[in-house]
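Visitor: I would like to learn how to read the features of a structure. Please show me on an example.

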Amino acid sequence: MVKTMRRTLFICVWVTLFTLEAAPAAETLEYVAIMSRHGVRSPLWTEAQQNSFSTRPWPNFGVPIGYITPRGRTLMEYMGDYYREYFTQAKLLPASGCGVADKFYFWSDVDQRDVETGRALASRMFRGCTVPVYRVPEGESDPLFKHVKPGVAKLDPTAAAKAISERIAGPPEALITRFRPQLEALQKILFGCEVGKTCDAQKIAGKRLLVDPPFGVEPRPGGLADLMGPLRSASEITDMFLLEYTEGMKMADVGWGQVDKAKLLDLMKLYQGYVDLTLQTPYLARAGGSNLMSHILKSLEQAAGGAAVAGSLGKPGDKGLVILGHDSNESQMGGLLGIHWEPQGYMADVRPPGSAMIFELWKDSASGKYSVRSWFVTQTLDQMRDSVPLSLKTPPIRVPLMIPGCGGASCAWDLFRTTVAADITQVFVSNEPIPAIAR
């Protein structure tokens, strides 16, 4: 009886503490900045590229290369439904109407998958309202997503290649040993033979085995550096399996019936290993993520101060900023800030379709002081595969982002600003106005 009472008391105290942490009575949500990856898309490789790495044809997604699929758009609409309920509960959005629709600024990269992701989110966050999605004019490259504006900073491909090599801690071929179980499993799926074993010469004629050379770290003139070899190819192939799974294809079509969820999660170690080296290595993360993170920080600063700030996106008085980018942007921002996340059911630092980094600006009603709460949000693999509508009752996964120097997911505004500003490399930042058109 005593144990039961203690257990009940513990549960009540835990629930009370959780409720207070989730919605402190003395704080109000004033502004939010969301950096979201686009929804489920078709592969980025051409049919010829895909088939060069397999003995069987790949499934067709029914849309052009790199386009968001109809299902991918639906899944992003579900995310918009969740954001609507969450921000309404937090009183950032009204229960109905378009009263604050013009106070949310949507900025997208130029790709169709990004623009359509923005439209899908906006259509459900603000039902029946007109919300433009802004982007740079056709034919221009957006410096927020593609490093910095030409001429702003000199990227050093040699330094980038050296930084990757130092993290490999050995010759590039050493990565084969490090990821051998996953490489063997992947090659068996693709060709029916294991790494280092004799393959059917007739079947693999003209094909590219995963461990075929060249191996190395290659500087890219005018850019940074990339990893050459099996991890790069395996990453792209594993991503295609992830897209097949989240697209809801028949299991017979996901890795030709050889990739279930457990196998997919194991193969994703190849995907994440490549990302960690090429996007989260500090030099590459700073070069690729400083400009984007600076614009997000300036937008939060504008919201906290109520006056225009050079380099911000949107206008003073806005309630939110929604940026539609890529998984590479999430990884670069993670490497830049030194943060990691591990949603339940995933490995560390994953960036599934539709996932987002969220920075919320809260105000203490008594003191008038601001704080920032940082989150990583993603649908589960099953929510995407089963096309599960989202709400506060059936939410996506939300995990706190612990920014070093802040002491936790909630950080006093002044400390957040100085900590993040110190992580940003200013030589890669441009505060020049970015030309915009509405789509």
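**Pocket, cavity, helices and a salt bridge**

Guide: In the largest pocket, the lining residues comprise 16 nonpolar, 13 polar and 13 charged. Ala, Val, Leu, Ile, Met, Phe, Trp, Tyr, Cys and Pro count as nonpolar, Asp, Glu, Lys and Arg as charged, and the others, Gly among them, as polar. This is a predicted model, in which local features need pLDDT of at least 70, side-chain atom pairs count only at pLDDT 80 or more, and totals for chains, interfaces and linings use all residues. Residues are numbered from 1 along each chain as its sequence is written, and side-chain values use heavy atoms, with hydrogens and water left out.

Visitor: Which residues lie nearest the centre of the largest pocket?

Guide: A pocket is an open set of points on a 1 Å grid over the protein atoms alone, with protein on both sides within 12 Å along at least five of seven lines; lining residues have an atom within 4 Å of a point. Here 42 residues line the largest pocket, and D226, R232, E236, Y274 and L279 lie nearest its centre. The space in the largest pocket is about 1,200 Å³; a volume is the space filled by probe spheres set on the points, which are joined across faces, edges and corners.

Visitor: Which element gives the most to that lining?

Guide: Helices (H or I, at least four residues) and strands (E, at least two) are DSSP runs, numbered from the N terminus. The answer is α8, with five residues. At least two residues each come from β5, α8, α9 (261-278), α10 and α11.

Visitor: What lines the largest cavity?

Guide: A cavity is a set of grid points where a 1.4 Å probe fits but cannot get out. The count is one cavity of 30 Å³ or more, and the largest has a volume of about 40 Å³. Its lining consists of P172, L175, L227, M228, G229, P230 and L231. Two or more of the lining residues come from each of β5 (225-228) and α8 (230-246). By class, six are nonpolar, one is polar and none is charged.

Visitor: At what angle do α10 and α11 cross?

Guide: Axes are lines fitted to C-alpha atoms, for helices over the stretch in contact (heavy atoms within 4.5 Å), and angles run from 0 to 180 degrees between N-to-C directions. Helix α10 (residues 282-305) and helix α11 (residues 327-337) cross at roughly 95 degrees, their axes coming within 8 Å. That makes α10 roughly perpendicular to α11; angles under 35 degrees count as roughly parallel, over 145 as roughly antiparallel, 65 to 115 as roughly perpendicular and the rest as oblique.

Visitor: How many salt bridges are there?

Guide: A salt bridge is a side-chain nitrogen of Lys or Arg within 4 Å of a carboxyl oxygen of Asp or Glu. The count comes to 22.
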